[in-house]
Amino acid sequence: AGASRVLSPVLTPEVKKMISEKISMTPGQIMGGFLKSLEDKATSLPIVGEAINAARRKGVEDFNRAAYKRALEPINGEIPLATGREGVRYVKNQLEDAYNELLPNLTFQPDAILTDSLSKISSSVKGLKESDANAVKTQIQKLINESLGGQKSMDGQTFKILEEDLNKIIGDYKGSTGREATIGRAYQQALADIRESLGRTNPNFAEQLSKINTGYANYARIRGAGSRAGTSEVFTPAQLAAAVRQADKSAGKGATATGTALMQDLTDTAEKVLPSQIKDSGTATRMLATDWKDWLLGAATAAPYMPGGRQITQALLTQRPETAKELAKLLKIPQVGTGAMIGTQRTISGE
């Protein structure tokens, strides 16, 4: 059974998802089980310990790029090779460039649908008091009227200033709780309604606007994960999952609870395969105390985790010709009981 699994591994849905997202994995992450446990223990060995941790970090870096892709793919952006703060900044700049390039072609004119949405904001934001809803609506209307300046519409650059003013207000409520947090969500909902109205005012650019907004929505999750990463630069699946949950504006975090929140398909899968943190093997602190046999073992087993070796090993573990699959079937022996195994052995031996 073990030999058949090596010849034709049974890959979990999570591993298959990682492969489809072009995220590299270590042999232990691919195979799981005993090999995963053995690999965890080997991180304490010299040479191979550093190699395993480096390979696992490479997987987390690939995970970061897969998240960047979610934000940049809608605008056909270029996925950065850099990760960490530089990678997040690169994603942000591309989205801003795409939006700024489109703005001169846009005009904004509040329509009846937007007016109706703002009047019903108390029902669209759960827990919002009627008095607070009226205050939000009044403030939004004031900002819109000031931006219009007595005209029926405003150009794209003026609309951008309106967005910035609203984002400043939303930022004032960031981190608040209770009633204040609910008011902050109301302003976020109002901004979303205004952006939808912008798309209706510019039907020729509605699809392009929608793609940019999708990119920004994904970027908001990336930005949240990046802020949690601290000095580690790259963010882990757990950190992105926390940002995904925080950005979920559905009632009671219902989208997260049902597994349908934006980018949750990526985080749910990666959390089951990739490490929750990037560990240091600590070999440098134990160099003098390490037995020479451990050094020899570490050097002998490091190849599958080194650059070049990682790609070869992953291909060997995840790609098989049909002949290997057929051979794997032949190696499998029924495990239903002793009698069944004896009967099978007799048949094979010809007795």
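Met263 lies in the loop between α14 (254-257) and α15 (264-273). Helices here are DSSP runs of H or I with at least four residues, strands are runs of E with at least two, and both are numbered from the N terminus. The model is predicted: local features need pLDDT of at least 70, side-chain atom pairs count only at pLDDT 80 or more, and totals for chains, interfaces and linings use all residues. Residues are numbered from 1 along each chain as its sequence is written, and side-chain values use heavy atoms, with hydrogens and water left out.

Met263 is not a glycine, yet its phi is positive, at about 75°. Met263 counts as buried because its relative accessibility is 2%. Buried means under 20% relative accessible area, exposed means over 50%, and partly exposed lies in between (1.4 Å probe, protein chains only).

Asn76 also has a positive phi, near 55°, and is a residue other than glycine. Asn76 sits in the loop between α5 and α6. With 72% relative accessibility, Asn76 counts as exposed.

Now to Arg70, which is in helix α5. Leaving out residues up to four places away in sequence, Arg70 touches Lys17, Glu21, Asn218, Met263, Asp265 and Leu266. Touching, or contact, means heavy atoms within 4.5 Å. The side chains of Arg70 and Glu21 make a polar contact at 3.0 Å. A polar contact is a pair of N or O atoms within 3.5 Å; within protein, one must be able to donate a hydrogen and the other to accept it, and residues adjacent in sequence count only if both atoms are side-chain atoms.

Lys17 belongs to helix α2 (residues 13-20). Lys17 is partly exposed, with a relative accessible area of 22%. Neighbours within four places in sequence aside, Lys17 is in contact with Arg70, Asp265 and Thr269. Lys17 and Leu266 are 249 residues apart in sequence, but their C-alpha atoms are 8.2 Å apart in space.

Next comes helix α12, residues 206-229. Several α12 residues are buried, among them Leu209, Ile212, Asn218, Tyr219 and Ile222. The cover over the buried residues of α12 includes α5 (48-72), α6 (84-102), α11 (178-201) and α13 (237-247). Just after α12, Gly230 takes a positive phi of about 65°.

On the surface, Phe34, Leu35 and Leu38 form a nonpolar patch with about 310 Å² of accessible area together. Phe34 is in helix α4 (residues 33-42). Phe34 is exposed, at 67% relative accessible area. Patches are made of residues with over 30% relative accessible area and no salt bridge; like charges are joined within 9 Å, and nonpolar side chains (Val, Leu, Ile, Met, Phe, Trp, Tyr) within 5 Å. A salt bridge is a side-chain nitrogen of Lys or Arg within 4 Å of a carboxyl oxygen of Asp or Glu. Accessible areas come from the Shrake-Rupley method with a 1.4 Å probe; for residues, only the protein chains shown count as cover.

Last, the whole protein. The protein has 19 helices and two strands. Of its 351 residues, 39% are buried. Among contacts with a separation of 6 or more, 67% join residues 24 or more positions apart. The accessible surface comes to about 19,400 Å², and 55% of that belongs to carbon and sulfur atoms.
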